[in-house]
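Hello,

Here is the structure I promised to pass on to you. Have a look at it first, and then read my notes below.

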Amino acid sequence: MQSLIERIRAIFLEMGFHEIEGDYVQSAGWNMDALFIPQDHPAREMQDTFYLNEPKSIEVEQQRVEQWASIHQHGGDTGSAGWGGEFSEETARKGLLRTHTTVNTVQYIAEKPEEPCRVFSVGRVFRKESIDRTHLPEFTQIEGIIMEPGANLPMLVSTLKPF
């Protein structure tokens with residue numbers, strides 16, 4: 001498995017991507033709210049996500065929490081109608097083990113929203129799964145993103161073909 005991960009890492013690097021990393025422990029806000037996953041979505045339940053007792057809560061910039069709340073409740077300034085309903089700042093600050101590496105990408109883009117990039121992430125993620133021969137509560141996820149002027153579907157296809 002590790003040799004496959006290293007080969008995929010090498011391919012991304014050969015293609016001009018930059019590797020980004022992130023912590024296993026994240027806030028529910030960065031792990032889910034920033035990705036517009038509704039706070040009442042079933043994937044957020046204890047049956048799917050490892051919420052932590054320590055740290056039970058993770059500090060997140062108030063401005064960021066307010067941005068997520070606005071977008072979830074009424075779409076903010078995105079043109080979306082949002083999910084409606086209430087948004088819980090307490091829920092957004094809950095500590096958890098990340099359920100995907102997309103949290104790395106969304107944090108990277110939030111820090112550099114105007115900077116074109118080609119980044120990828122390889123890392124362990126954690127989900128409460130019924131253990132069997134094909135499922136474990138932790139696995140490795142690999143993802144990449146191209147954010148630059150002119151990025152389009154044909155570019156995605158021509159990037160994926162080498163894999």
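A residue is called buried if its relative accessible area is under 20%, exposed if over 50%, and partly exposed in between, using a 1.4 Å probe and protein chains only. Please keep in mind that this is a predicted model, where local features need pLDDT of at least 70, side-chain atom pairs count only at pLDDT 80 or more, and totals for chains, interfaces and linings use all residues. Residues are numbered from 1 along each chain as its sequence is written, and side-chain values use heavy atoms, leaving out hydrogens and water.

Now to the aromatic rings. Rings of Phe, Tyr and Trp (its six-membered ring) pair if their centres lie within 6.5 Å; planes under 30 degrees apart are stacked, over 60 edge-to-face, and the rest tilted. The structure has 5 such aromatic pairs. In one of them, Phe12 and Phe120 have ring centres 4.5 Å apart and planes at 5°, so they are stacked. This pair links distant parts of the chain, since Phe12 and Phe120 are 108 residues apart. Phe120 has 0% relative accessibility, so Phe120 counts as buried; Phe12, at 8%, is buried as well.

Another pair is Trp30 and Trp68: their ring centres are 5.1 Å apart and their planes stand at 85°, so this pair is edge-to-face. Both Trp30 and Trp68 are buried.

Finally, Phe120 has a further neighbour to look up: Glu19 touches Arg9, Phe120 and Val122, not counting residues up to four places away in sequence (contact means heavy atoms within 4.5 Å).

Enjoy exploring!

Terms used
Helices (H or I, at least four residues) and strands (E, at least two) are DSSP runs, numbered from the N terminus.
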